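Subject: Structure for you to look at

Hello,

Here is the structure I promised. Please open it and keep it in view while you read my notes below.

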Amino acid sequence: MTLLGPVGADLGAAHRGVTAAGALSALAELGVVRASWERRIEQARGECGSLAGNLREAVRGQSRSNETVKSGFDGVTTPTAVPAGTSAAAPSGTPGDGAAR
């Protein structure tokens, strides 16, 4: 929405003096086209403005979801890492003890 703010003024500046250049029918059509663009710019600004609230709510919902997932992992414990070059002590006959199966 903010980025569309200066578009109307830019369009006006680009057309300044053009319609006074003569009585060509193309110039008359240019006025119609410009009015159409001005309406479309305002519609686009309105559309962007209406999306802002929905996008903010989606971000809030995603943040709540992220917090829920994070809190679900907070209680999970992980085994302590075994330093490289050492072997973990595993009871005999269990995977990880190097015994043939």
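First, a term: helices here are DSSP runs of H or I with at least four residues, numbered from the N terminus. Arg 60 and Glu 57 both sit in helix α2. They are three residues apart, about one turn of the helix. Keep in mind that this is a predicted model.

Now the overall picture. The protein has two helices and zero strands. It has 101 residues, and 6% of them count as buried. Its accessible surface is about 8200 Å², with 62% belonging to carbon and sulfur atoms.

Next, the salt bridges. The whole structure holds six. Here are some of them, including the pair above.

- Arg 60 bridges to Glu 57, with the closest N and O atoms 3.2 Å apart. Glu 57, Arg 60 and Arg 64 are linked in a network of salt bridges.
- Glu 38 and Arg 34 meet at 2.9 Å, N to O. Both are in helix α2, and because they are four residues apart, about one helical turn separates them.
- Arg 45 and Glu 42 meet at 3.8 Å, N to O. These two also lie in helix α2, three residues apart.

The cut-off for exposed is over 50%.

Last, the surface. Val 69, Phe 73 and Val 76 make a nonpolar patch of about 310 Å². Val 69 lies in helix α2, residues 25-74. Its relative accessibility is 48%, so Val 69 is partly exposed.

Best wishes

How values were computed
Residues are numbered from 1 along each chain as its sequence is written. This is a predicted model: local features need pLDDT of at least 70, side-chain atom pairs count only at pLDDT 80 or more; totals for chains, interfaces and linings use all residues. Side-chain values use heavy atoms; hydrogens and water are left out. Patches are made of residues with over 30% relative accessible area and no salt bridge: like charges are joined within 9 Å, nonpolar side chains (Val, Leu, Ile, Met, Phe, Trp, Tyr) within 5 Å. Accessible areas come from the Shrake-Rupley method with a 1.4 Å probe; for residues, only the protein chains shown count as cover. A salt bridge is a side-chain nitrogen of Lys or Arg within 4 Å of a carboxyl oxygen of Asp or Glu. Buried means under 20% relative accessible area, exposed over 50%, partly exposed in between (1.4 Å probe, protein chains only).
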